[in-house]
Each structure stands twice: as C-alpha cells, then as structure tokens.
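The sequence and structure come first.

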Amino acid sequence: MRVLTSEGSDVVGIDTLGSEATQVVGSITDRPLLRDCMHGVDAVIHTVTLHKPHIGTHSYQQFVDTNVTGTLALLEESIGARVGSFVFTSTTSLYGRANVPAPGNPAVWIDEEVVPIPKNIYGATKRAAEDLCQLYHVEHGLPCLILQTSRFFLEPDDNPEI
C-alpha cells in the first residue's frame, strides 16, 4: 500500500482495523461494502487472512469466514466489477504434512508437483481459497496469481518432534 500510494496509484485498502494504509474499515465478508469499493478497480491484491498465530485466539469458523468466505466474496465481486486481475497471497504452510523429508533426507523440495496436505485450519483454509481462485480463473476467466509466501511466524507444529 505504501509503495503503490507513493507511486501515485489510486488504491483502496480495506481492513477491520484502521491504519495509515486503510481507507475503508470493514470486513471482506461484507458484500455491499465490497461492491461499493470495487467501482473502477482494475486489480485486487488480496492479503487479508487469519494467520497461524490466530489458531489460539480464533475459532475454526472464523478462519473459514475470513480465509474462505472472504476470498469467495472478493472473487465474486471482482467478477461483477469486471476486475482485470486478482492476486492472492497464500502460504507455504498449506503443504503441512507433505513437508516431511523422507528418511535420510534433510529437507523436502516443494514445487508444483507436491500435493498440499494441510496440518491445521490455517493451511486448510488457505488451500481452499487457492482452489477458489483456480475455479474462478477457469469458470470466469479471471486472471488470478497465487503467491505462496514463506512463513512469517514460528510454526512449531510443523516440527514432528515437538
């Protein structure tokens, strides 16, 4: 948001908490709010998520509401507004149980051939959101880019010895 704004781009940041990068305070599950915000939008950069640390403070339903239903709402409103591109920030955490090295190997090489096996609600909801992006690309032609970013937080449950 800071870079786009500093370069003169007309941006709209939506968040449940106000900040210098937030122009609209609200939820991505609020369809009328999204619809109002989508007028004239060329691209959506979807970074909203409940993260791994929220597992201890939020219910599974809240993860589904934000990470899956929120993504669906953004995709549908993007189609309705004829948005030209959709960027979704996902996570390598969705690989979960697939990220266990074979005996004698120090690590697992993750590429497009590895099938994600989520280990927690965070990974499961991010995988479901990725699937929705794929579906909207195929069914509606919405250009979608999925970025599987590395981890931002320590994730001790990914270590089978803990």
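Contact means heavy atoms within 4.5 Å. By this criterion, and leaving aside neighbours within four places in sequence, L75 is in contact with F86, L132, C133, Y136, L142 and C144.

The model is predicted: local features need pLDDT of at least 70 and side-chain atom pairs count only at pLDDT 80 or more, while totals for chains, interfaces and linings use all residues. Residues are numbered from 1 along each chain as its sequence is written, and side-chain values use heavy atoms, with hydrogens and water left out.

**Core**

A nonpolar core is a set of buried Ala, Val, Leu, Ile, Met, Phe, Trp, Tyr and Cys residues joined through side-chain atoms within 4.5 Å. Buried means under 20% relative accessible area, exposed over 50%, and partly exposed in between (1.4 Å probe, protein chains only). The largest such core has 17 residues, and L75 is among those with the most contacts inside it, together with M38, V44, L74 and F86. Two or more residues each come from α3 (60–80), β4 (85–91) and α4 (121–140). Helices (H or I, at least four residues) and strands (E, at least two) are DSSP runs, numbered from the N terminus. In soluble globular proteins, nonpolar side chains tend to be buried together.

**Salt bridges**

A salt bridge is a side-chain nitrogen of Lys or Arg within 4 Å of a carboxyl oxygen of Asp or Glu. The structure holds four of them, including these:

| Pair | N to O distance |
|---|---|
| E20 and R2 | 4.0 Å |
| E77 and R31 | 3.7 Å |
| R35 and E77 | 2.9 Å |

E20 lies in the loop between β1 (14–15) and β2 (24–25), and R2 in helix α1 (residues 2–6), so their bridge ties together parts that are 18 residues apart in sequence. Both E20 and R2 are exposed.

E77 lies in helix α3 and R31 in helix α2 (residues 31–37), so this pair ties together parts that are 46 residues apart in sequence. E77 is buried, with a relative accessible area of 7%, whereas R31 is partly exposed at 26%. R35, in helix α2, is 42 residues from E77 in helix α3. R35 is partly exposed, with a relative accessible area of 42%. Salt bridges that share partners join R31, R35, E76 and E77 into one network.

**Position 150**

S150 is located in the segment after β5 (144–149). S150 is exposed, with a relative accessible area of 55%. The C-alpha atoms of S150 and T92 are separated by 5.6 Å, although the two residues are 58 residues apart along the chain.
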